[in-house]
Amino acid sequence: MNLLLLSNSRMPDGRYLAHALDAIAEAAAGRRRALFLPFAGTTIAWDDYAANVRAALAPLDLEIVPAHRADDPAAALASAELVLVGGGNTFRLLRESRRRGWLGPIRDAALGGLPYVGWSAGSVLACPTIRTTNDMPIVEPGGLGSLALVPFQLNCHYTDAMPPGHQGETRRQRLAEYLVLSPRDTVIGLPEGDWLAVRDGAVMLHGPHDGWLFRAGRDAVALAPGPLALG
């Protein structure tokens with residue numbers, strides 16, 4: 001497999017996907033025809049979302065083909081050289097991908113070697129379930145199981161920052177709650193600016209920040225950028 005799982009798309013300076021251009025170019029490896037799933041977009045029209053991605057990735061000379069304009073997922077994937085899955089609301093992404101018939105074909109294509117690039121919700125979709133997303137469940141997705149391209153769960157935009165006086169749980173506490181009820185799972189907290197590259201089972205952490213490894217009954221472990229041993 002060839003997966004690129006980005007924590008986020010926009011950096012503090014406002015530029016869209018600029019920090020990830022080199023990583024996306026490496027994942028594409030000269031491929032040009034990219035199928036883009038905009039289904040996580042909720043406050044933006046999907047055609048506008050595709051246009052934004054097309055503009056952001058213009059330096060890579062990719063042909064961006066919007067998945068919502070395709071009638072046959074299998075045929076669209078057969079002619080694609082790369083799959084891009086955008087961020088937004090993970091529940092809506094999963095619902096639309098499921099009801100439009102994309103989940104099975106994308107999984108088969110990715111397992112067969114078609115490069116998969118996701119950011120935020122698009123990265124969470126690559127996990128066994130979407131249960132570690134940060135998003136509000138604004139729609140019923142018909143089940144929480146997703147693509148299961150990786151054996152671990154992701155928490156994108158990971159941070160433990162808390163506003164002064166805020167009485168809600170930290171992200172770390174939320175993930176501890178998750179692991180009480182799912183003690184066999186592994187969760188990686190992926191800070192903004194970081195990403196995972198997965199190549200034939202090997203997982204590499206890239207970016208300026210340490211990631212975090214969460215397992216039930218154990219202290220969280222900081223993950224330095226580089227190859228990850230998750231066994």
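Buried means under 20% relative accessible area, exposed means over 50%, and partly exposed lies in between (1.4 Å probe, protein chains only). This is a predicted model, in which local features need pLDDT of at least 70, side-chain atom pairs count only at pLDDT 80 or more, and totals for chains, interfaces and linings use all residues. Residues are numbered from 1 along each chain as its sequence is written, and side-chain values use heavy atoms, with hydrogens and water left out. Side chains of opposite charge can pair when their charged atoms come close. The structure contains ten salt bridges, each a side-chain nitrogen of Lys or Arg within 4 Å of a carboxyl oxygen of Asp or Glu.

**Salt bridges of E96**

- E96 is buried, at 1% relative accessibility.
- One partner of E96 is R99, with 3.0 Å from N to O; R99 is exposed, at 56%.
- E96 and R99 sit three residues apart in helix α4 (residues 90–99), which means about one helical turn separates them.
- Helices are DSSP runs of H or I with at least four residues, and strands are runs of E with at least two, numbered from the N terminus.
- E96 also forms a salt bridge with R100, at 2.9 Å from N to O, and R100 is partly exposed, at 30%.
- A network of salt bridges links R95, E96, R99 and R100.

**Salt bridge between R172 and D160**

- The side chains of R172 and D160 form a salt bridge, at 3.2 Å from N to O.
- R172 belongs to helix α7 (residues 171–181) and D160 to the loop between β6 (153–156) and α7, so the pair ties together parts twelve residues apart in sequence.
- R172 is partly exposed, at 31% relative accessibility.
- D160 is partly exposed, at 31% relative accessibility.
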